[in-house]
Amino acid sequence: MAENQKIKIKNYSTRIPQWKKIDKEIQQLTQQYNKIDPGSIQTFNDFPLSRKTLDGLAKAGFIHPTDIQREAIGVALQGHDILGAAMTGSGKTLAFLIPVLECLYRARWTINDGLGILIISPTRELAYQTFEVLKKIGQFHDFSAGLIIGGKDLKDEQGRINRTNIVVCTPGRLLQHFDETWNFSCENLKILIIDEADRTLDMGFAETMRSIISNLPNQRQTLLFSATQTKSIRELALVSLEKPVYISVHEKANTSTPTNLTQSYIVCEVSQKISLIWSFIKNHLKSKMIVFIQSCKQVKFIYNVVCKLRPGLPVLALYGTMGQMKRMSIYDTFCRKQYACLFATDIAARGLDFPAINWVIQFDCPPDANTYIHRVGRTARFEHGGEALLILTSREEQGMIKQLEDKKVPIKKIEVNSNYIHDLTPKVQALCAQFQELKEEAKRAFTSYLRSLILMGNRKVFDVQSIDTDAFASSLGLEIAPKVRFMKKGQKQEQSIDTDTKSSIENKNNTEEENKDDDDDDDDDDNWFTVKKTSDTLEQEIFNLSEPLEKEKKLTKTKLARKLRKKNLLINKRIEYDDEGNAIIHSDEEDQSPIYNIEEAKTRLQQIDKTDKEAYRALVKQKHKERRMKEKEARRAAREAKRLKQEQEEEEEEEEEEINQNEEESPSNGTDEQERLERKRSLSPVEPRKRKKIQRSLKEFINDDTTKTINDTEQLALYLLSK
Ligand SMILES: Nc1ncnc2c1ncn2[C@@H]1O[C@H](COP(=O)(O)OP(=O)(O)OP(=O)(O)O)[C@@H](O)[C@H]1O
């Protein structure tokens, strides 16, 4: 026992303190930084990285670095600024997260040192995803990290932000902290990272980014990463990077998209798109896919239609105006699903790393080739395969394909087999007839799509006038195309709109989409092209509508019927679908659906009108009757009140008379005033009334001219005695 104790003491006294070990490790690591040779790196262990980081990487299953990681990690460890570009899904996140952990480790950072690293992401989902990766690989370190994104409690963040070493955030929220958190300090900041830098700037955050950067210390390292480079990113690099190292690992590649990605496009008209996507989904039930749609309102509508028709696989939707909690929960759900279809706006286009996506479908033509590249980049990530399908209208085909070729995107045209497409229009129309809310959504989707075409700067690709609006409206289940003022107004003036104005408006709207806070959810505050909030301003900005707006003419039922006839709607034909989605057409005699039979609809409307009128008349009659009854009742009550008042007055008069009479009759008895009062007081309040009744009965009896019998007189005598 004693011996054991001795050994124990001896061991303790010779143990090297932990801090000394760390110091030694840091010293050894930093000495190797200048010797890093990307070409000789096989595994992460070949980098001079701390034990804690290596353990974190191994635990998360990362063994071999990707090209961008091999190239960028060493340069970042050496302390250089970086402008990094690499294909989608090539592992840029780890390329900046590993140097982050090492930087704080080297500096022996603790919670008390406050903010050391800022990572800015363009969307909340991407920030959340980066935060999750950071938690995984940094699990053996002791740093604190926080996610600072909109849609959460600012006060709660304010309490924690100064004790957070690594902040992953969106630009808007960060700026809000600069403005509203009085003690928020960045003076110790070591590294600034801007992920998806071009998107962050293009989304209208350029000004915000400039403000943020101006609040940061000059002595810092800055890393900008993106799959695509734009003019704005180069401009930002000029002002915010110090002698940056430009790392572009795939610059010499033959393509700008992953090689294991198969890309194709088809051409169809706008009015066929819904049928096409429906047919596609029905034919790929054992797939996981993302369908990119231009605006939130379109996403909402198409998602609701597809949900109602029950395609046979889980359907989800993700767009900017959703509540934050819902956005996160949809992101998680879609990550977990094996087979599912996610309808999304471009908030899901950048950086998001949904596992095992088989298909990316672009329901609407992307604004530019870069957006195309990021959208398709949601599949074929990190050595996996994937497929992408782009849907173009004949108007968009030439211009868009040219842009993609210029960007080295290998894409092939495929023809649509018409047998493969189920015409969904009748079903959508039936749904819209059944659900008023869906019909309203259809109108909004219609308007927002047309507006998005106007807002797209590139006239070589997008032309709103080329759209057959009637056919498009019909495909959305609408009997008539909603009136869109900007279509007419824009026709003449479109040429004069300068592209900058448009893109700034577009950016502004994008920003609004990302910044929009919770609980909107489905409250129709659509970001992109909100008629309620922004349309008026947009129209004025774009078209300078100084002249008064054309007054909307009221559409009568007759006019509506005439319009429908002109559209050659299938009259007296109904299409039903079997479980497989095959169309079964019913002829006139067989069945006449009220939706398509104008005559029958007219008769039905007339009948409804008639019933309504009758019901209304009955209601009016009932009201009148009630009023008359009330008046009668009021009159009766007034009469009764008057009668009672009169009776009371009479009683009082008679009582007065009686007292006077008594006084006159007995003056000689010497009754003084006191006696008179006593007598008056002694009369109970009932007695005068009784007397009065008796008197009245007597009066009536005497005044009555009818002959009185003895019996009558007896009756009266008995009555009087009973009183
Ligand atoms: N060294 C690695 N070993 C194994 N898997 C990796 C490695 N690096 C990254 N990955 C995986 O590759 C996928 C893509 O990584 P990441 O999201 O960082 O790509 P990215 O380049 O940022 O893509 P995007 O441009 O779309 O944002 C992720 O699932 C990630 O876990």
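**Close-up views of a predicted model**

**View 1. Strands β9 and β12 run side by side in the parallel sense.** In this predicted model, four bridges join β9 (residues 288–292) to β12 (residues 359–362).

**View 2. Seven strands make up an open sheet with parallel pairing.** Reading across, the order is β10-β11-β9-β12-β13-β8-β14. Which strands stand at the edges? They are β10 (315–318) and β14 (412–413); each has a single partner strand, so one side of each is left without a neighbour in the sheet.

**View 3. The largest nonpolar core holds 137 residues.** V291, F343 and A344 have the most contacts inside this core. Helix α5 (residues 92–106) supplies the largest share, nine residues. Both domain 1 (18–248) and domain 2 (261–455) take part, with at least three residues from each. As general background, nonpolar side chains tend to be buried together in soluble globular proteins.

**View 4. Here we zoom in on A344 and the residues it touches.** Leaving aside residues up to four places away in sequence, A344 touches I290, F292, V299, L318 and Y319.

**View 5. A shell of 19 residues lies around the ligand.** Which of these residues come nearest? Look for G91, K92, T93, G351 and F382. Sorted by class, the shell has ten polar, six nonpolar and three charged residues. Helix α5 gives the most to this shell, with three residues. Domain 1 (18–248) and domain 2 (261–455) each contribute at least three residues to the shell.

Terms used:
Residues numbered from 1 in each chain as written. Predicted model: local features only at pLDDT ≥ 70, side-chain atom pairs only at ≥ 80, totals over all residues. Core = buried A, V, L, I, M, F, W, Y, C linked by C-beta atoms within 7 Å. Buried ≥ 20, exposed ≤ 12 C-beta atoms within 10 Å, placed from the backbone. Helix = DSSP H or I, 4+ residues; strand = E, 2+ residues; numbered from the N terminus. Domains from an automatic or database assignment. Contact = placed C-beta atoms within 7 Å. Near = placed C-beta within 6 Å. Nonpolar A, V, L, I, M, F, W, Y, C, P; charged D, E, K, R; others polar. Pairing = 2+ DSSP bridges.
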